[in-house]
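Biologist: I have a new model open and would like to learn how to read it. Could you walk me through it?

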Amino acid sequence: MHEEALNEFINSLEINEEHLPKKGLKLQTLAQNKIFYVYKDSQNEFYARPEARPNNEKGWEKKNMVTRFLNNSPTENDKNDSYGEPIYKYVKENFIDNNQLVQDVEITEKKYSNSVVKNIILYGAPGVGKTHNYKNLISMIEEGNNQKEIFDTIAQNRHVELENETYEGIKKEKRVEFVTFHQSYSYEDFIEGFRPNESGNIELEDGIFKRFCSEALKKNEQNFYIVIDEINRGNISKIFGELITLIEEDKRDVYEVTLPYSKEKFKVPSNLYIIATMNSTDKSIATIDIALRRRFTFLKMKPNEELVIFSHAKELLNKLNIFIAENLNEDYKLGHSYFMNVANDEDLEFVKEYKIKPLLEEYFYVDKDKLGEALNILKIEK
C-alpha cells in the first residue's frame, strides 16, 4: 500500500525538465522551516531541491528515503532536518488512508525519540559483567530509554536487574538470538552455505544471521537483537563476507547484495541490533580489524569493586588490579565477578587458589619476578 501511495504521489508531480526551484510542489522542513520543492523529470525520476540551490545544480533523488519513511524504517541520516520527513508526511496525508496515517506516524515518531546506535560491542577483561550487561542493554533499548542514559548506565557497571521481565519477554517472543564466534565459525554458518542433510545429500541452508534478518524484515515494527559472544575470536572478514558493509546504520534497508550461493537479494533491516562482547585480554581493541571498529560503537566495561560484598575480597581485588595496571595494563584487570559470591575467608581461599592464581601465572608467564610479586599479594607460595 505504501509503495502504491508513493507512486501515485510521483505521478501527481509536475515535470520539471529544467530542475528549477519554484517549479514543483512547495514543502517546508520541520526543524528549521527551510523551503524546498519536489518534482520529477521526464524519466519520472523523483527530486527534492532547496530553494536556495543555484539553478545550474540538479536536486537529489529522494525516492529511497521516502520509501524508508513509509516503511517506518528511516535511517539516522534521514532524520532531523532532512527533506524525507515532510515528503513522507505529505504522502501520508494525501495518498494514504487517515487511520493508517495515524498508526504509522505514531510508530515512526517513537522510533525517532528512542534512536540508539545499532551495532555495539561491550569489551573488557574477564569477569567484568559483559554477559550480564548485554541483557540490561537490550532491556533499556526495548523500554525506550535514550542513548545517553543507556550508555551511562551500562558504563557505570552497576548490578542492576533490568532484564528480568523485559529481556525474558523478548526471549519468549523469539526476538533475540545468541551465537558464539570461534576460529572454525564460517560464513556458511552465519549467512548461508551448502550442508549435508539427513539423506546424505548436499543442500543449501540459511545461516542464523540470514534467518534472523528475514524475521526482522517481516516484523519491522519490533526490534530484534542478535548477540555475538566473543566476536574477536572469529575471523570477521570470513564470517560476515560482503555483509560487513550492509550492517552500517546508513546502509540498513537501502543497500542490498546478491548472495553468492542462493543468488538472492539480501539486505540488513534497521530494526535489527547487533550486540557483541569481546574479551580485551585476548585481543586489544587497537588490533581489531579497522572495518569492524568503524562499524561498531565500543563500550568499555570496567571492574566495579563496590559489587564485592566481603571486605577481604574487595581489598584483595583492589590491590591486585593496581598491581596489574602498573605492570601490564588495565585491560588485564580482574573482574569483580570472581569475588561476588565470596561470603567468607574459606570462599576467598578457594577463589585465590583455583581461579586467580592460574590467571596470574598466565599473565606473568615470561616474568617470574613479577609473578612472585603478584602471588605475594595473594600470599600463595610459587
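Modeller: Gladly! Let's begin with a term: a residue is called buried when its relative accessible area is under 20%. This is a predicted model, and 49% of its 382 residues are buried. The protein has 15 helices and 13 strands.

Biologist: Which residues touch the most other members of the largest nonpolar core?

Modeller: The general idea comes first: in soluble globular proteins, nonpolar side chains tend to be buried together. Here, the largest nonpolar core has 34 residues, and F181, F190, F209, I228 and I231 touch the most other members. Several elements supply at least two residues each, including the strands β5 (119-124), β9 (224-229) and β12 (272-279). The largest share, five residues, comes from α9.

Biologist: What is F190 in contact with, leaving aside its neighbours within four places in sequence?

Modeller: Among its partners are V179, F181, Y185, F209, I226, I228, I239 and F240.

Biologist: And how do helices α14 and α15 pack?

Modeller: Two packed helices are described by the angle between their axes and the distance between the axes. For α14 (residues 345-363) and α15 (residues 368-378), the angle is about 160° and the axes are 10 Å apart. Angles over 145 degrees count as roughly antiparallel, so α14 is roughly antiparallel to α15. The crossing of α14 with α15 is right-handed.

Biologist: Which residues in α14 and α15 meet?

Modeller: K352, I356, K357, L360 and E361 in α14 meet L371, A374, L375 and L378 in α15. By type, the residues of this contact are six nonpolar, three charged and no polar.

Key: Residues are numbered from 1 along each chain as its sequence is written. This is a predicted model: local features need pLDDT of at least 70, side-chain atom pairs count only at pLDDT 80 or more; totals for chains, interfaces and linings use all residues. Side-chain values use heavy atoms; hydrogens and water are left out. A nonpolar core is a set of buried Ala, Val, Leu, Ile, Met, Phe, Trp, Tyr and Cys residues joined through side-chain atoms within 4.5 Å. Buried means under 20% relative accessible area, exposed over 50%, partly exposed in between (1.4 Å probe, protein chains only). Helices (H or I, at least four residues) and strands (E, at least two) are DSSP runs, numbered from the N terminus. Contact means heavy atoms within 4.5 Å. Axes are lines fitted to C-alpha atoms, for helices over the stretch in contact, and angles run from 0 to 180 degrees between N-to-C directions. Angles under 35 degrees count as roughly parallel, over 145 as roughly antiparallel, 65 to 115 as roughly perpendicular and the rest as oblique. A crossing is left-handed if the near helix is turned anticlockwise from the far one by less than a right angle, and right-handed if clockwise. Ala, Val, Leu, Ile, Met, Phe, Trp, Tyr, Cys and Pro count as nonpolar, Asp, Glu, Lys and Arg as charged, and the others, Gly among them, as polar.
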